[in-house]
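Dear colleague,

Here is the structure I promised to hand over, shown just below. Please look through it once before reading the notes that follow it.

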Amino acid sequence: MVQSSPQPRQLARLSQLLKTMRETQSLEALIAAAAPYLQRDLNYEFAWFGLHDLDSNCLVGHEAFSPIDRRLMHRERLSLDSGHLLEQVLIERRPLTVADLGEARNAGKWQTMARTIGIQGSLLFPIHCRDRCYGVVLLARQTWGMSPTAEERAMLSIILGQMALALEYQADSRQQERKKRPAEPLLRLLDELRNLPSLELRLDRLVAETHQFIGASRASLYWFEPKHRRFWRRCAQQSPGAAAKANTKANTKANTKANTKANTKANTKAETLAVADCPSLYQSLTRDRPLSISDTASALQGEISSYLQSQLKLKALLAAPLYGSSGLLGFFAAESLTPRLWTEEEKQYLQGVARLATLIAPLGQIEQEISQGKADQDLITNLGQAVRSEQGWLDGLQAIAEQLFGRLGMQRLLLVDYDPTQNHFSIVQQYQSRKNRGISGPLPPLRELDWQLFQQHPQGLCLEDWRDDLRLMDWKGPLEAAGVRSLMVCPTSPNAVQEGLLILAHDHPYGWPGPERELVCTVAQQLSLVMHQRAAVAQLHYLETLHQSLQWGLGRMLQERHPDRLDEVGCQAIARLLQAPLVGLISWSLNDGLGHLVASASEDSQWQLPRSLTVDSLGDPLMQALVQGENVLLVYPEDLAASTRDWLQLDGLDQILLFPLRVHPAEVPQGAVLVALKQRRNWPEESLDCATTLVVQLAGSRRGVRQLQQLSDRQEVLQQLNWYKQYCNERFAGNLQRLLQHLQEGGGDDGQASQRLAVVLGLMNQLSENERWALKTNLQTIPIARFLKQAKERIDGLVSQQQLWCQFHSNEVQQLQLKGDILKLEGILHEILVAACDRCLLGGRIDVWFRLQPEKLIEMTVTDNGILDPQLLTALQPTADAADPLVQALRSQGLGLNLSLVQRLAQQLGASLEFLPLEDGRNMSRLLIPQD
């Protein structure tokens with residue numbers, strides 16, 4: 001025990017001790033200087049100094065003096081378990097007395113050692129300075145109990161405080177010695193990089209120096225590929241054994257022997273980091289700030305840490321981005337397979353190396369861009385030469401497509417243009433890699449919003465990943481079905497988007513960097529001349545086709561004289577001109593307003609309007625809109641009223657065109673031309689104008705043909721009337737002549753002559769009154785024998801004149817009565833007999849047969865061996881084309897006129913008259929008369 005107040009000598013020794021400790025640099029010297037004072041002046045029998053090791057969290061023992069000769073606890077390492085007396089003093093930094101250390105349960109190993117050494121009363125005193133504790137001093141005596149005085153505590157505090165100051169000074173000195181200084185290696189790198197000839201060697205040197213300075217498991221340089229949106233390891237160096245610890249077999253192709261060496265360089269493309277797998281890492285790097293991830297920071301950046309641990313087997317990462325004027329180039333990375341805290345100096349160094357790499361990277365890029373620019377210029381020049389060749393531009397485009405496949409790594413090239421008539425994009429030319437299949441059929445039209453996007457971006461649209469993009473959605477179906485995931489669409493003419501679009505596509509997400517966009521736009525512009533010429537040729541061809549269809553339709557309608565066939569021809573002409581699947585002509589009368597389908601033209605027998613279609617033109621909203629309008633009416637099915645849908649029922653109908661059937665816009669339409677389509681079109685003005693011309697011509701031709709038909713019918717009536725009256729006049733004249741001759745010869749009495757004269761005059765009066773402007777049927781009955789006698793008497797003179805043999809065969813019908821318009825039937829038979837006589841040569845033969853046929857028909861046939869003109873015989877057949885000019889000529893004059901008149905007259909009387917050639921060369925005229 002010390003006295004209550006220290007002696008001056010003791011204070012002098014304390015002062016000397018403190019001076020010695022201030023001048024001492026090593027731990028052993030400090031302990032050696034303090035031990036005598038503790039043993040002699042403070043009367044402690046045992047002293048042990050435990051210095052705290054931060055890395056292993058334990059106390060390293062230094063035994064100063066002991067009651068026994070052996071130093072049992074010297075250099076012993078004691079773990080600081082929870083609740084241990086030493087841990088308690090170290091944490092709380094307050095002294096602790098123990099009456100008997102050998103009996104203290106929480107003394108750990110010291111409980112046993114105290115009994116071995118023979119100490120009991122103990123004092124645990126912390127060695128601390130400010131807020132840091134450097135260790136614990138264990139002072140003990142062999143007697144039980146420990147109660148140091150205030151002076152003793154003060155002296156211990158002074159001595160151990162000085163020791164803590166010395167330890168702190170030593171720790172700071174060691175830390176300064178170990179502290180990394182980034183400036184020195186960076187300055188050394190600047191000198192070395194000047195002498196390296198290539199970019200790859202410079203980058204390798206930066207990576208090697210980074211690995212040496214930081215000392216992590218691996219130092220890597222990752223390069224960013226915007227078009228593939230991924231980072232790939234361009235160069236790396238790793239520590240011995242790092243490759244064996246990292247499970248990167250799936251991603252690396254490096255030599256396994258080289259991986260066991262200290263300075264192995266990893267395969268530059270052995271590992272890739274996709275942006276889609278870790279977007280947070282990409283976003284952090286694009287902010288141009290260093291990224292530090294360690295065991296303590298992983299909770300703050302869980303997504304990045306999880307990706308690094310699962311994919312790269314990393315526990316810590318320090319990254320510095322390479323960020324240039326063109327954006328993110330890549331990043332330098334220090335990778336650790338074990339948890340690690342990154343120092344500020346390491347962060348500064350890595351950021352400095354990244355800045356150096358950013359400065360030298362453009363040199364390599366400039367060289368690459370110069371080489372690539374020359375190749376691109378050659379490509380564009382070759383394409384320009386091919387474009388100027390009218391025949392070789394397709395071959396030139398194919399060669400360019402193959403070069404672009406290699407240059408951009410794409411899988412597909414398409415050249416399309418917009419067809420306004422069909423409202424779709426037709427594929428002009430397409431090329432694809434061997435593993436891809438071609439796109440069949442046109443591309444669907446675009447929405448108005450997409451057209452506006454092209455106007456806002458004349459240099460083209462780039463879709464990096466179609467899954468995350470809503471543009472050009474109408475093309476997504478056919479293109480995604482072909483495997484397209486990313487595409488660039490560039491107009492060949494920015495001011496005329498519809499002239500052509502150049503489409504380049506990938507089957508994977510693609511970044512489309514700026515130089516590639518410029519190249520594609522330049523290629524597209526080179527094709528503008530071809531597409532412009534093609535559009536002009538297509539427009540010219542379209543107008544020629546339109547003109548030809550118009551000429552064909554006008555010519556056919558002008559030639560047609562039959563009303564029904566005219567309507568059919570008109571529908572066909574309009575369908576051909578508009579390339580429409582269905583055209584129908586609905587005609588109505590202004591009296592009742594009921595419209596009927598009179599003609600139609602359809603390319604599909606399953607898609608047409610019913611022939612019995614009836615439309616209320618006065619009440620139907622669609623027809624009323626047409627009547628009240630001035631021009632063509634364009635309607636869509638969704639706009640139709642319910643009443644219109646009732647009669648206009650066509651599956652798949654998508655568009656309707658209605659033309660008013662009239663000659664002049666001021667006229668009230670007499671009908672409508674309905675054009676039905678299965679697909680919507682944008683109609684050019686030229687098409688509608690030509691179609692309107694055809695409709696106007698159809699309306700005019702219908703009016704003219706019907707007027708001509710009326711005149712023709714009237715002419716036929718007058719011709720029949722003229723023939724009939726001529727025949728009657730000749731008959732009456734003959735009767736009167738015979739009566740006059742009879743009177744002159746004095747035969748008969750006056751009463752009989754007067755009676756016969758009255759009969760003739762009565763017939764003449766009846767003819768002039770009842771059949772003044774048209775023929776009328778006057779049914780009579782006459783014995784066939786009398787009918788034949790009168791017919792024979794009328795041709796006797798002609799038969800005798802030509803010396804013909806004429807025989808009437810009527811035994812089986814002699815007693816029958818003939819019912820009909822006897823006078824007209826006599827005229828028909830007389831015309832047939834006169835024609836037979838005229839074509840017979842001298843001595844010819846004529847046979848007249850009367851037979852009774854089934855179904856109450858009387859057959860009269862006239863056979864002769866005369867010569868009948870074959871063309872006239874063909875013209876008199878029922879199947880002859882009345883519109884044929886030759887047929888019309890043969891029927892309009894001479895014998896053909898008379899025979900055609902009596903043929904039509906017989907038909908009007910319910911009979912039928914045929915002119916037939918017989919196998920033996922004779923001619924037969926056959927008249928069938930019904931007797932109902």
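**What was found**

Six strands form an open sheet whose order is β21-β20-β19-β24-β23-β22, with antiparallel pairing; strands are DSSP runs of E with at least two residues, helices are runs of H or I with at least four residues, both numbered from the N terminus, and two strands pair if DSSP finds at least two bridges between them. Because β21 (614–616) and β22 (633–635) stand at the edges and each has a single partner strand, one side of each is left without a neighbour in the sheet. From one strand to the next, the twist averages 25°.

Before going further, please keep in mind that this is a predicted model, in which local features need pLDDT of at least 70 and side-chain atom pairs count only at pLDDT 80 or more, while totals for chains, interfaces and linings use all residues. Residues are numbered from 1 along each chain as its sequence is written, and side-chain values use heavy atoms, with hydrogens and water left out.

Helix α18 (residues 563–578) lies across β19 (582–588), β20 (594–602), β23 and β24 (671–677), and runs at about 55° to β20 (axes are lines fitted to C-alpha atoms, for helices over the stretch in contact, and angles between N-to-C directions run from 0 to 180 degrees).

How confident is the predictor? The mean pLDDT of the protein is 82, and 88% of its residues reach 70 or more, where pLDDT is the predictor's confidence in each residue, from 0 to 100. Over residues 246–270, however, the pLDDT is below 50, and this stretch has 37 contacts in the model beyond near neighbours in sequence, a contact meaning heavy atoms within 4.5 Å. Residues 296–300 also have pLDDT below 50, with three contacts beyond near neighbours in sequence.
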